[in-house]
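The sequence and the structure are shown first.

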Amino acid sequence: MKLRKEYKEHDYLINTYGSFTEARNDKAHVDERRYAGILKLTADGTLIMGIWSLIKGYMETLSDMGSELIAGGIPVLIAIFGSVFAFALFFVIGISFRYMIWRGACKEADSGRKRNGYIACAIIFLAYGLYEVASFIYRAVWKGTDAQDVLRLIFDATSLIIVCELIASAFRLRKVRDELEAAETGGNL
């Protein structure tokens, strides 16, 4: 059973009326467009998941701070200033890495220029995602979990899948573009 369609030279009749540009609907060009689209989509997903993660973290911090304020542990002004400062610091750091991944992946998908910095950042997020999933499994087996832990697992697993797909599509796109470049240079010589 084949899940992928095999493309032929003239599978789609795009150039039936005199056109100045070539249709480029062979398998390699279609794969290039597919992987570039997946790379852009997963880059957007990585950035959005990062923003949501930071908002969720800030909401958890405020809820923890609220319970301490009710207990009368910390003066209100210091607690608010500290939480805003910590949130701003983590927001800048977290979004900077996610933005690097997003910008690098989008530029590689658009221009074709190979960039390795965003892949390194994505691998760091991949390792962190694996750690979070393993940490959940450990807590579930030895300590027990609650609904918030299960929701965190779903979020972390989704983020992990997006980052895995981003890395895989980046390498597939590079492979297809290398094959296309080799075919073009080999045909022009």
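A salt bridge is a side-chain nitrogen of Lys or Arg within 4 Å of a carboxyl oxygen of Asp or Glu. By that criterion, the structure holds seven salt bridges. The model is predicted: local features need pLDDT of at least 70, side-chain atom pairs count only at pLDDT 80 or more, and totals for chains, interfaces and linings use all residues. Residues are numbered from 1 along each chain as its sequence is written, and side-chain values use heavy atoms, with hydrogens and water left out.

**Fold**

The protein has four helices and zero strands, where helices (H or I, at least four residues) and strands (E, at least two) are DSSP runs numbered from the N terminus. Of its 189 residues, 29% are buried; buried means under 20% relative accessible area, exposed over 50%, and partly exposed in between (1.4 Å probe, protein chains only). Contact denotes heavy atoms within 4.5 Å. Among contacts between residues at least 6 apart in sequence, 71% join residues at least 24 apart.

**Nonpolar core**

A nonpolar core is a set of buried Ala, Val, Leu, Ile, Met, Phe, Trp, Tyr and Cys residues joined through side-chain atoms within 4.5 Å. The largest one has 20 residues, of which Leu39, Ile101, Ala105, Tyr118, Ala122 and Leu166 touch the most other members. H1, helix H2 (76–111), helix H3 (117–142) and helix H4 (147–188) each give two or more residues to this core. H4 provides the largest share, seven residues. Beyond its neighbours within four places in sequence, Leu39 is in contact with residues including Ala105, Tyr118 and Leu166.

Arg174 in helix H4 and Glu108 in helix H2 are 66 residues apart, and both are buried. Asp178, by contrast, is partly exposed at 36% relative accessibility, as is Lys114 at 46%. Glu165 is partly exposed at 29%, and Arg172 is partly exposed at 32%. Lys27, Asp31 and Arg34 are linked in a network of salt bridges.

Glu32 lies in helix H1 (residues 27–71). Its contacts, leaving aside neighbours within four places in sequence, are Leu173, Val176, Arg177 and Leu180.
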